[in-house]
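Keep the viewer open as you read.

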Amino acid sequence: MNTRAHTVRSSVAVSGTALLLAAAGLGLAPAASAAEPQPPVLAVDTAAPAEVGLAGLPVDFTTKVSNTGTTDASSARLTYRIDGGAGLPPNAVGLEYRLDGTEWKKVPLTYAGGTFSGEMPETFPLAAGRDRTVRLRVGVPMGTPHNGDGNGGTERLKLTTLVSYGASGAATDTDDDTIEVDGLGTALSGVPATATAGGPAVGFQATVANPTASGYENVTDTLITSKYASVQVLRSGTWETLTPVTSDAEADVYGFDVIGKDASLAAHSSTVVKVRVGYREDTPAGKTTLRSCVFVNQGSVPFRGTTFCGNEAALTVLAAGSAGGTPTPAPTAPATRTPSATPAPSASPSASTEAPSATSGTTSGTSGASSRLAETGSNGTSTIAAVAGALVLAGAGALGFAALRRRRTRA
């Protein structure tokens, strides 16, 4: 009996000890779990610009990173993807940042399938409950100064911002924005319907407009006409005769830089120049055309760079000695932005030929760029040479050039 009672008491004691240990273990488990560190929780918000200018200077914007968790982040990382479609060349887009100080630094971008991607080279710590704003700027330079690209364009960019922490690079949040892309516009207004060979010069206005948020540098606005023309512009109250610009490959094409070479345009600005054109006495009678084209980052070769052209303006050259009377101003069309690709520069003083896109007695409207980009830059064939054969077929004596290889990216 005593032995049995002792055994029972021992069993009860062991069971009680086990229950106490189990209870203690259950009590410690939540405390151990609570001690495990929680990962940072990073959120991102990019205030992208509404628009940028094709071939223009970059536009500022900001990205705000917030740590909404309870754990500090030792190294927050920002990655950007910029999708402009297949119409952009590999050096079309630029992205810069400024984390500390005043120096702008490049975000290295790789290009594949119409998308530019890159990570900001510097990381930064971000304490729990805090945020930090990074300054950036984005542009579509279309090449480099005095080496502008052509054969491409886009109407918009899709900007995606990704934030991550540590070395893993796994994004904890993303932000998507759309940036509209536009370009310079150029127009001729008040072009007369007639001019007399060997007679007085006829006057009109040339306008270059920048409707975008980008400033522009290295802008050259060229009036495209023929070898029979002389051009003057009014500067500081004096009419100045311009020297024609020609290319060795296209000696019959004459251009005149009406606002000067490598001018600058501020964002949302325009410039207007008074122009007058006279025609030599030996100019063939008949229809001729004028066209204004803007070249951005034109290099040493004329008529190359990122190019925006307005519509043609046509007038009739009367034979020398004709009693043509006072030149009649042509009806002025509103300066509008053409929604489709505009065939570019053409000047044809032939009596029997008129460029197909010219409208007799009208002025040109502005033709903004984005998807209506011109032609060739440093990486392509001259726009003039590309259509020289077609102009010869159009009729004897036809002189000029037309834009070729414009690429629309509008869906």
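Start with β17 and strand β24 (residues 269-279): nine bridges join these two, and they run antiparallel. Here strands are DSSP runs of E, at least two residues long, numbered from the N terminus, and two strands count as paired if DSSP finds at least two bridges between them. Strand β17 itself spans residues 202-210 and is mostly covered, with seven of its nine residues buried (under 20% relative accessible area, with a 1.4 Å probe and protein chains only). β17 also pairs with strand β15 (residues 185-189), antiparallel again, over five bridges; there, Gly185 has Ala209 of β17 as its bridge partner.

A word on ground rules. This is a predicted model, where local features need pLDDT of at least 70 and side-chain atom pairs count only at pLDDT 80 or more, while totals for chains, interfaces and linings use all residues. Residues are numbered from 1 along each chain as its sequence is written, and side-chain values use heavy atoms, leaving out hydrogens and water.

Next comes an open sheet of five strands, in the order β1-β3-β10-β5-β6, with antiparallel pairing. β1 and β6 (105-106) stand at the edges with a single partner strand each, so one side of each has no neighbour in the sheet. Strand β1 (residues 42-47) has Leu42, Val44 and Thr46 on its covered face, and Ala43, Asp45 and Ala47 on the uncovered one. Further along the sheet, β5 (residues 94-98) and β10 (residues 131-139) pair over five bridges, with Glu96 facing Arg137 as bridge partner.

On a 1 Å grid over the protein atoms alone, a pocket is an open set of points with protein on both sides within 12 Å along at least five of seven lines, and lining residues have an atom within 4 Å of a point. The largest pocket holds about 570 Å³, a volume being the space filled by probe spheres set on the points, which are joined across faces, edges and corners. Its lining has 29 residues, with Pro58, Gly94, Lys106, Pro141 and Gly143 nearest the centre. Among the strands that each supply at least two lining residues are β5, β10 and β18 (216-225).

Definitions and conventions. Buried means under 20% relative accessible area, exposed over 50%, partly exposed in between (1.4 Å probe, protein chains only). Helices (H or I, at least four residues) and strands (E, at least two) are DSSP runs, numbered from the N terminus. On a 1 Å grid over the protein atoms alone, a cavity is a set of points where a 1.4 Å probe fits but cannot get out, and a pocket is an open set with protein on both sides within 12 Å along at least five of seven lines; lining residues have an atom within 4 Å of a point.
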